[in-house]
Amino acid sequence: MAAALLAVTASDAKVFLTMEEALKLAFPGATVARKTAFLTAEQQREAQKRSGDAELPSALVLYYVAAKDRRELGTAYFDTHIVRTMPETVMVVVDDAQRVARIEVLSFQEPEEYLPR
């Protein structure tokens, strides 16, 4: 997904934040570590079911864990997907209570009228 974000450089694309900027915005002053997980077949089925049967592109999941003063603050996930015909990259932050705490649009290649509010 990081590579997809970096590839969004066309003149008509809107890049609002880099991954690094988004992580600093979500977790000011925290240390952020990139992690990798490999979903089991059962976890993949559950994720697909919870996503409305959207096909998962991979069992590989990259995520970023933020900590400050030896306390975990939350986890950030990045997703690049097609909105109508062009890609969008978003960051979803889940707090330490497992709630969605923040969503940021990092890049958006569709016309601005399709940009989520």
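How many helices and how many strands are there in the chain? In this predicted model, the chain contains 3 helices and 6 strands, and these elements follow one another along the sequence in the pattern α-β-α-β-α-β-β-β-β. Of the 117 residues in the chain, 26% are buried, while the accessible surface amounts to about 8,000 Å², with carbon and sulfur atoms accounting for 52% of this area. When contacts between residues at least 6 apart in sequence are considered, 48% of them join residues at least 24 apart.

In soluble globular proteins, nonpolar side chains tend to be buried together. The largest nonpolar core of the chain comprises 13 residues, and those touching the most other members are Leu23, Phe27, Ala76, Phe78, Met91 and Leu106. At least two residues of this core come from each of α2 (19-26), β3 (60-68), β4 (71-82) and β5 (87-95), and the greatest contribution, 4 residues, is made by α2. Leucine 23, when residues up to four places away in sequence are set aside, is in contact with Val32, Tyr64, Ala76, Phe78 and Met91.

By residue class, the lining of the largest pocket consists of 15 nonpolar, 5 polar and 4 charged residues.

Conventions:
Residues numbered from 1 in each chain as written. Predicted model: local features only at pLDDT ≥ 70, side-chain atom pairs only at ≥ 80, totals over all residues. Heavy atoms only, no water. Buried < 20%, exposed > 50% of the residue type's maximum accessible area, 1.4 Å probe, protein only. Contact = heavy atoms within 4.5 Å. Areas by Shrake-Rupley, 256 points an atom, 1.4 Å probe, with all protein chains shown as cover. Core = buried A, V, L, I, M, F, W, Y, C linked by side-chain atoms within 4.5 Å. Nonpolar A, V, L, I, M, F, W, Y, C, P; charged D, E, K, R; others polar.
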